Structures are given as C-alpha cells and as structure tokens.
Amino acid sequence: MADQPPPMESLPIATDTVVTLSYVLFNEKGEAVDQASTEEPLVYVHGYAQIVPGLERALEGLRAGEQREITVEPEDAFGEREDDGVFEVDRADFPDAGEIEVGDEFVAQGPDGEPVALRVVDILPDGFRVDTNHPLAGQKVRFQVQVSDVRAASEEEIAQAQAELEERIEESEGGCCGHDHDHDHDHSHHHEHGEVLVTLSKKSS
C-alpha cells in the first residue's frame, strides 16, 4: 500500500497572503490596551502597510498555528510623540463644554478638511488642552500574536490592498514613511475660532 502524502503545510506569511490572527496589545507599562480574539480575529493582506510596520515585518515567515511575542519600537509602531500635537482650544469651540472631562475624545476638521482625532488631556479656565498624538505614540509596545490562517490573496484582494495603500500614501503627501500610524503626521494645529468639533466618543470610565 502506497504511503499517504504528507498533509499540506501552511503557507508562510509573505507579501500577497491573507493573514488571520488574534492578538493582545500591551503598552509600555505592560497593560493590555487592545485585542483581537479568535472569535473576532484581525484579517489583513500582508505587505501593504495595513498593520503597524514593525509587527508586519516580525510576522514574516510565520505559519498557521504559530504563536509569537513581538516587541515593537515606537518608530515602527504608532510613531514618535510630536510636541506640537498638544495644543489649547477655546472653550467656546466645544459643544457642551461644561460636560467635557479629561480623556474625552473628539474629531475635528483639519485645515485641509481631513478629520483629526484629538483627546482632552487638561481642562483650563477658558479652554482645553488637547492631544492629537496616538495614545500609544512614543511607546515601545508588545504584541502576543497567534496566527490561525495564512492563504494566498486573490487578485481582487491584492488590487484593493494596493489601492488602499496608494490612497494612504497620497493622503500623507509623501510623508516620512508612507505607513499608516492611525494619525496624520502632517496636519497643522492652528485652530480657528468657531470651527465646530464633533464628539467621536465619550469615555465610559
């Protein structure tokens, strides 16, 4: 009786593969700040800057079933902190200014019409100090990752991933790296009086 062929080994993670994984993200203090469960995993096309660049590089070559703990430096995670990302905004520019608390998050319209996410970090007598840096900017972060599936991407998935990457590069106006760190490196912080801010989310805690 002929030997049975060995089971097909999972594809290694490489450019143009669709990766399904679960993860827990820890900040520099070791606190879990984000996760994707096995029930609701992260699915992305590898090689198109859909996840932070340091994590994407570290996942290269892993296969389904593998687990890895990955530490990523700030410049390859959520970017360095930018001092001019912290500035003051007039109280009159906020809706329901009396109800705002430290930690509340808003989205404002930037000078080019793009949305700018900001977080209230201090309440002042006549306004608020806000921060447009990503909450994890400047931090060395750690991912606990488990890969559950790796497969070849379809032509349609590759085309869509390429189009999204080109759009992000265009939006960053050819910025330093072309990677999406979930915030815009290039926006101006000159806030004009009367610009309406729209509540993005209000912390429950």
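Colleague: Which residues of the largest nonpolar core touch the most other members?

Modeller: Please note that this is a predicted model: local features need pLDDT of at least 70, side-chain atom pairs count only at pLDDT 80 or more, and totals for chains, interfaces and linings use all residues. Residues are numbered from 1 along each chain as its sequence is written, and side-chain values use heavy atoms, leaving out hydrogens and water. A nonpolar core is a set of buried Ala, Val, Leu, Ile, Met, Phe, Trp, Tyr and Cys residues joined through side-chain atoms within 4.5 Å. Buried means under 20% relative accessible area, exposed over 50%, and partly exposed in between, with a 1.4 Å probe and protein chains only. The largest core has 22 residues, and those touching the most other members are Ile 13, Leu 55, Leu 59, Val 141, Phe 143 and Val 145.

Colleague: And which elements each supply at least two residues of this core?

Modeller: They are β1 (17-26), α1 (53-59), β4 (67-72) and β9 (141-152). With 5 residues, β9 gives the most to this core. Helices (H or I, at least four residues) and strands (E, at least two) are DSSP runs, numbered from the N terminus.

Colleague: What does Leu 55 touch?

Modeller: Not counting residues up to four places away in sequence, Leu 55 touches Ile 70, Val 72, Phe 143 and Val 145. Contact means heavy atoms within 4.5 Å.

Colleague: Stepping back, how many helices and strands does the chain have?

Modeller: The protein chain has 2 helices and 10 strands, in the order β-β-β-α-β-β-β-β-β-β-α-β along the sequence. Of its 205 residues, 38% are buried. Taking contacts between residues at least 6 apart in sequence, 70% join residues at least 24 apart.

Colleague: What does the accessible surface come to?

Modeller: It is about 12,100 Å², and carbon and sulfur atoms account for 48% of that surface. The areas come from the Shrake-Rupley method with a 1.4 Å probe; for residues, only the protein chains shown count as cover.

Colleague: Changing topic to rings, how many aromatic pairs are there?

Modeller: The count is 1 aromatic pair. Tyr 23 and Phe 143 form it, edge-to-face, at 6.0 Å centre to centre with 65 degrees between the planes. The pair links distant parts of the chain, since Tyr 23 is in strand β1 and Phe 143 is in strand β9, 120 residues apart. Under the rule, rings of Phe, Tyr and Trp (its six-membered ring) pair if their centres lie within 6.5 Å; planes under 30 degrees apart count as stacked, over 60 as edge-to-face and the rest as tilted.

Colleague: Is Tyr 23 buried or exposed?

Modeller: Tyr 23 is buried, at 13% relative accessible area, and Phe 143 is buried at 4%.

Colleague: What sits over the ring of Phe 26?

Modeller: The charged end of Arg 142 does, 4.3 Å from the ring centre. That label requires NZ of Lys or CZ of Arg within 6 Å of the ring centre and within 35 degrees of the ring normal.

Colleague: Where does Asn 133 lie, and which residues does it touch?

Modeller: Asn 133 is in the loop between β8 (127-131) and β9, and it counts as buried at 3% relative accessibility. Beyond four places in sequence, Asn 133 touches Glu 80, Arg 81, Glu 82, Gly 85, Val 86 and Arg 119. Its side chain reaches the backbone nitrogen of Glu 82 at 2.8 Å.

Colleague: What about Thr 20: buried or exposed?

Modeller: Thr 20 is buried, with a relative accessible area of 14%, and is found in strand β1. Leaving aside neighbours within four places, Thr 20 is in contact with Pro 41, Leu 42, Val 43, Gln 146, Val 147, Ser 148 and Asp 149.

Colleague: Backbone angles now. What is the phi of Asp 16?

Modeller: It is positive, about 70 degrees, although Asp 16 is not a glycine. Most residues other than glycine have a negative phi. Asp 16 is in the segment before β1 and is partly exposed, at 28% relative accessible area.

Colleague: And the phi of Ala 49 is near what value?

Modeller: Phi of Ala 49 is near 55 degrees, again positive in a residue other than glycine. Ala 49 is in the loop between β3 (42-45) and α1, and it counts as buried at 6% relative accessibility.

Note on methods. Polar contact = N/O pair within 3.5 Å; in protein donor to acceptor, adjacent residues only side chain to side chain.
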